[in-house]
Amino acid sequence: QVQLVESGGGLVQAGDSLRLSCAASGRYATGWFRQAPGKEREFVASISWFGGSTTYADFVKGRFTISRDGAKNTVFLQMNSLKADDTAVYYCAARSAAVTATREGLYDYWGQGTQVTVSS
């Protein structure tokens, strides 16, 4: 069973930055999703097994960066220029495949989520 542990969420002001971390018990293609109150969960970013390929949702391009520390099996989501609309629970997900994916149905394992709140 794969375990994913997210950390790094919190309360920040608009324009601030946060870095989320996802520690996995192995190496997988990994994605970040988010779910705002009253909304469906949506794709944010994904990184391939070896970290050479990344995919982003249009609404985070240029502001968020996904990266991987292979030695520690940890994936990061650096979030800059945060907006109130970025407020959500952020979930880390892993898939038993090497390449990135944007559909949540393609992910096999999920973390419990970490809350990010951005005040305007």
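Colleague: How many disulfides does a search of the whole structure find?

Modeller: The search finds 1 disulfide. Keep in mind that this is a predicted model.

Colleague: Which residues does the disulfide join?

Modeller: C22 and C92, with an S to S distance of 1.9 Å.

Colleague: And is that link left-handed or right-handed?

Modeller: The link of C22 and C92 is left-handed, at -70° about the S-S bond.

Colleague: Which strands do C22 and C92 lie in?

Modeller: C22 lies in strand β3, residues 18-24, and C92 in strand β9, residues 88-95. The pair therefore ties together parts that are 70 residues apart in sequence.

Colleague: Are C22 and C92 buried or exposed?

Modeller: Both C22 and C92 are buried.

Colleague: Stepping back, what does the secondary structure of the chain come to?

Modeller: There are 11 strands and 0 helices. Read from the N terminus, the elements run β-β-β-β-β-β-β-β-β-β-β.

Colleague: What is the radius of gyration of the chain?

Modeller: It is 13 Å. A compact globule with 120 residues would have a value near 14 Å, so the chain agrees with that. The C-alpha trace spans about 40 × 25 × 25 Å along its principal axes.

Colleague: What share of the residues counts as buried?

Modeller: Of the 120 residues, 43% count as buried. The accessible surface of the chain is about 6,100 Å², and carbon and sulfur atoms hold 45% of that.

Colleague: What about contacts: what percentage comes from residues 24 or more positions apart?

Modeller: Such residues account for 58% of the contacts in the chain with a separation of 6 or more.

Colleague: Charges next. How many positive and negative ones are there?

Modeller: The chain has 12 positive and 10 negative charges, and their mean positions are 5 Å apart.

Colleague: I also had T30 picked out. Where is T30 placed?

Modeller: T30 is in strand β4, which covers residues 29-35.

Colleague: Why does T30 count as buried?

Modeller: Because its relative accessibility is 4%, and the cut-off for buried is under 20%.

Colleague: Which residues does T30 touch, leaving out those up to four places away in sequence?

Modeller: T30 touches A45, S46, I47, I66, R68, V75, C92, A93, A94 and Y107. One of these, C92, is the disulfide partner of C22.

Key
Residues are numbered from 1 along each chain as its sequence is written. This is a predicted model: local features need pLDDT of at least 70, side-chain atom pairs count only at pLDDT 80 or more; totals for chains, interfaces and linings use all residues. Side-chain values use heavy atoms; hydrogens and water are left out. Helices (H or I, at least four residues) and strands (E, at least two) are DSSP runs, numbered from the N terminus. The radius of gyration is taken over C-alpha atoms; the globule rule is 2.2 Å times the number of residues to the power 0.38. Buried means under 20% relative accessible area, exposed over 50%, partly exposed in between (1.4 Å probe, protein chains only). Contact means heavy atoms within 4.5 Å. Accessible areas come from the Shrake-Rupley method with a 1.4 Å probe; for residues, only the protein chains shown count as cover. Lys and Arg count as positive and Asp and Glu as negative; His and the chain ends are not counted. The place of a charge is taken as NZ of Lys, CZ of Arg, CG of Asp or CD of Glu. A disulfide is a pair of cysteine sulfur atoms within 2.5 Å.
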